[in-house]
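Subject: Handing over a structure

Dear colleague,

I am passing on to you the structure below, and I would be grateful if you could look at it alongside the notes that come after it.

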Amino acid sequence: MTKNKKSGASIYELDRLLKKLAAEVTDEKLELPAGFTFTWHNIPFAGQIISFEGNDELKLDLVANLGHLTYSAENLNHRKQLLSIFQPLVWKGEFVINRHSQIQLITQTSFSGELSARNIMTAITFTLIDIQGRIRDIAAQIKG
């Protein structure tokens, strides 16, 4: 029973926070595509919101830069360890190693409703809640 009360309280706090953040957004007219950046748990994110022509759904793309794939000259053993972890995940399409050796997790979420700061923040929040455990584990492995 205690868990339900805690879950209800955290959902209430999330709702209160989203209302507060949405009230602080001064730009009343959001235009698509909308791009943004933020940091969460010391992980930089870049995102964008786009719409599909003739569709009421909006698409949220988030890219988490989880860390740097070390060069062989920096730390050969750590590089080998990271490649053994991430190569299969890159092949599956779960992660990307960009041309700057950044390991990235790319997520895509669709949501509907009006294009408002509150709806965008809600979609971002639920996406982050969904991937938070995975991101922490991966970020810890990258940092070594």
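What follows goes from the chain as a whole to single residues.

Please bear in mind that this is a predicted model, in which local features need pLDDT of at least 70 and side-chain atom pairs count only at pLDDT 80 or more, while totals for chains, interfaces and linings use all residues. Residues are numbered from 1 along each chain as its sequence is written, and side-chain values use heavy atoms, with hydrogens and water left out.

**The chain as a whole**

The secondary structure comes to three helices and five strands, where helices (H or I, at least four residues) and strands (E, at least two) are DSSP runs numbered from the N terminus. Read along the sequence, these elements follow the pattern α-β-β-β-α-β-β-α. The mean pLDDT of the chain is 79, and 79% of its residues reach 70 or more; pLDDT is the predictor's confidence in each residue, on a range from 0 to 100.

Of the 144 residues in the chain, 29% are buried, where buried means under 20% relative accessible area, exposed means over 50%, and partly exposed lies in between (1.4 Å probe, protein chains only). Among contacts between residues at least 6 apart in sequence, 59% join residues at least 24 apart.

Just after α2, G93 takes a positive phi of about 85°.

At the start of α3, a side-chain oxygen of S116 reaches to within 3.2 Å of the backbone nitrogen of N119.

T70 lies in the loop between β3 and α2, and it counts as buried because its relative accessibility is 13%. Leaving aside neighbours within four places in sequence, T70 is in contact with N75, H78, R79 and L82.

S101 lies in the loop between β4 (95–97) and β5 (102–111), and with a relative accessible area of 11% S101 is buried. Its phi is near 65°, a positive value in a residue other than glycine. Beyond four places in sequence, S101 is in contact with G67, H68, L69 and Y71.

Q104 lies in strand β5 and, at 12% relative accessibility, counts as buried. The side chain of Q104 makes a polar contact with the side chain of N65 (2.6 Å); a polar contact is a pair of N or O atoms within 3.5 Å, and within protein one must be able to donate a hydrogen and the other to accept it, while residues adjacent in sequence count only if both atoms are side-chain atoms.

**Aromatic rings**

The structure holds four aromatic pairs. The rings of F36 and F38 have their centres 6.2 Å apart and their planes at 20°, so this pair is stacked; rings of Phe, Tyr and Trp (its six-membered ring) pair if their centres lie within 6.5 Å, and planes under 30 degrees apart count as stacked, over 60 as edge-to-face and the rest as tilted. F36, F38, W40 and F45 form one aromatic cluster, in which F38 counts as partly exposed, at 22% relative accessibility.

Methods
Contact means heavy atoms within 4.5 Å.
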